[in-house]
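Please open the structure in a viewer and keep the selection tool at hand.

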Amino acid sequence: ILLPESSIENGSTVKNSFLQWNSSISNNAQVSNALLMENAHAEHHSLLSSSILGPDVHISEGEVHNTVMGPNTNAHHQSLLIGVLWPLGRGNMGYGANVGSNHTGRIPDQESVAGEGTFWGLSSVIKFPVDFSFAPYSIVAAGVTLPPQRICMPFSLIVSSPTGTNEILPGWVYSATPYTIARSEDKFAKRRKAKRHAFYTGWKIIRPDVVDMCVVARKALMEDTKEINGIGSNVLSEKAKQMGIKSYTYLIRRYALRGLLTKLLEKMESDQEDNRNLEEAILSDIILNTKEETATSENFDSTLMRPSWPPLPWEAKAAAWDHQQSILLSEWDSPKPKDLLQELIKLEQDFAAKVHKSKARDDIRGDAIIPDYAKAHVPAEDDKVIKMVRDEADETIQNVELVLDRLLTPSS
């Protein structure tokens, strides 16, 4: 079945498949028993069977069998996916990635759950079952062989170590390469072409349920125990542990403080003629509206102990500000908007600097290794993502200064 603007062409073989709007099968792809959702594409000798490709998914060269690939996921090289549940997609398959060790030697009945934004590195080997659903935007580095396990540490990096046991660095993606997050946020917003599935493709990376995952991961890292829940069968060094705690705290607080700033700006706009003290008004609002404990992080604690599915972004019940209020009260004993806004300025400046630094490392390394590297690459200073992050930070700081000016002006 082909819906309008979908196509099958260039020597492809197709059997028992459904192509939604603007999807395509081309260039000798072989497809059977598959659903290609809006603007999904299978091309260049890819093999696709008994699977679903979500909106804006692209596969070529590799194999995908008995798999659900969520939106904005790419597999552009020879790689393998078998029995993978990847409902939130947004990830990538490196060349030679083997996410398909579904056979126990007894029967091929094992599966894996990929987290939102998972990056499977070059020649990584994933032995089933594995669950990354509570470790969104994590990277399995090149050459890693990952044994069966469940990981609940968002934004992590997993690398092989000389001891033979893999090492996990919780929160590494957010702290060491925030450029990745900034670019992805921009990319997902601008490259979406599946207009009929906006609810399924348009959510933000830093949102209430992801923040709650970070809250629970940080709590696990802070436990004074030898065995830490959520790190799977990987080794965690003390340095990596402290880095993870710092990274999650940074993310959680920046998220909550941005919400506070937005709410203060809204109150300034709506209460221009009101002589009440703005600081007292927002504090009252926070305290009154968090009596029901809108944060769900406490409910997430159990996810470290038993398998469960994460909440889906489009099914979120709590509004962002309701959630941010509860974070404000849990992170600070007696939150004062003036002090919190000063901290937000520091966090925004630090984030922009880290985004620049993470990209500038490529320039430094490239110049030291490749002749004329600078002639063929856009330097970090001119990178559009870095400029975007700097502009956002400048705008946030300007808004903070605007609010502080109002807070410091005595009410009449």
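Select P129 first: this residue sits in the loop between β20 (125-127) and β21 (130-131); strands (E, at least two residues) and helices (H or I, at least four) are DSSP runs, numbered from the N terminus. The peptide bond leading from F128 to P129 is cis, its omega being near -5°. The model is a predicted one, in which local features need pLDDT of at least 70 and side-chain atom pairs count only at pLDDT 80 or more, while totals for chains, interfaces and linings use all residues. Residues are numbered from 1 along each chain as its sequence is written, and side-chain values use heavy atoms, with hydrogens and water left out.

Next, select S123, in the loop between β19 (119-120) and β20. Its phi is positive, near 60°, although S123 is not a glycine. S123 has a relative accessible area of 44% and is partly exposed (between buried, under 20%, and exposed, over 50%; 1.4 Å probe, protein chains only).

Move to H44, in the loop between β7 (41-43) and β8 (47-49). H44, also not a glycine, has a positive phi of about 50°. At 33% relative accessibility, H44 is partly exposed.

Now select L36, W120 and F155, which touch the most other members of the largest nonpolar core, a set of 93 residues. Such a core consists of buried Ala, Val, Leu, Ile, Met, Phe, Trp, Tyr and Cys residues joined through side-chain atoms within 4.5 Å.

Finally, select helix α9 (residues 337-369) and centre the view on K359, where α9 has a kink of about 25° (the angle between axes fitted to the seven residues ending there and the seven starting there).

How values were computed:
The expected span of a helix is 1.5 Å times one less than its number of residues.
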